[in-house]
Amino acid sequence: MRAEEAPPPEDIADSEDDTGIGARVNAVFTAAEKAAQHILTMAREEGDDIRRQARAEGEASVQQFRVEAEREAERILAQARADAEIIRDEARMDARKVEDDARIRRERLREEHRLLEERISWAQEGLTEVTARLSEELSGEDPEPTDAA
């Protein structure tokens, strides 16, 4: 047992009244309240520190996610540009092929048209010659020699 816990001597104990014990109890309560306030203050400060640290870590994470998202967006854009360039090149090649095919077809059609005109001209000449011979045969005249030979 400690000295503070030892009962006071009888002559003092009898002479002390309840106010001495009450003062001690008040002192203990006051000390407990101060300790509780100190603990609360420390807990609040620690809570504030934890909140500040969490905010800082959150901002760092947000910044990291933002940087990663920007990199991903740049990668996607670069891939899209590359894909678009490939598509553009293929479209240009297809367009050139269509233009070449159209030019070749136009040339063929022109040649066919020219050949048809020649055939029509030959047919007209042939019909003119046949008509002249028929006219001569019908009229009984001797055919005249042609310079076509």
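The model is predicted, so local features need pLDDT of at least 70, side-chain atom pairs count only at pLDDT 80 or more, and totals for chains, interfaces and linings use all residues. Residues are numbered from 1 along each chain as its sequence is written, and side-chain values use heavy atoms, with hydrogens and water left out.

Start with isoleucine 21. It sits in helix H2, residues 18-139 (helices are DSSP runs of H or I, at least four residues, numbered from the N terminus). Its relative accessibility is 51%, so isoleucine 21 counts as exposed (exposed means over 50% relative accessible area, buried under 20%, partly exposed in between, with a 1.4 Å probe and protein chains only).

Now turn to charge. Side chains of opposite charge can pair when their charged atoms come close. A salt bridge is a side-chain nitrogen of Lys or Arg within 4 Å of a carboxyl oxygen of Asp or Glu. This rule gives twelve salt bridges.

Lysine 97 pairs with aspartate 101 at 3.1 Å, N to O. Both lie in helix H2, four residues apart, about one turn of the helix. Aspartate 101 is partly exposed, at 39%.

Glutamate 107 and arginine 103 form another salt bridge, with their closest N and O atoms 3.5 Å apart. These two are also four residues apart in helix H2. Glutamate 107 is partly exposed at 42%, and arginine 103 is partly exposed at 36%.

Glutamate 129 bridges to arginine 133, with 2.8 Å between the closest N and O atoms. Elsewhere, salt bridges with shared partners join Glu85, Arg88, Asp89 and Arg92 into one network.
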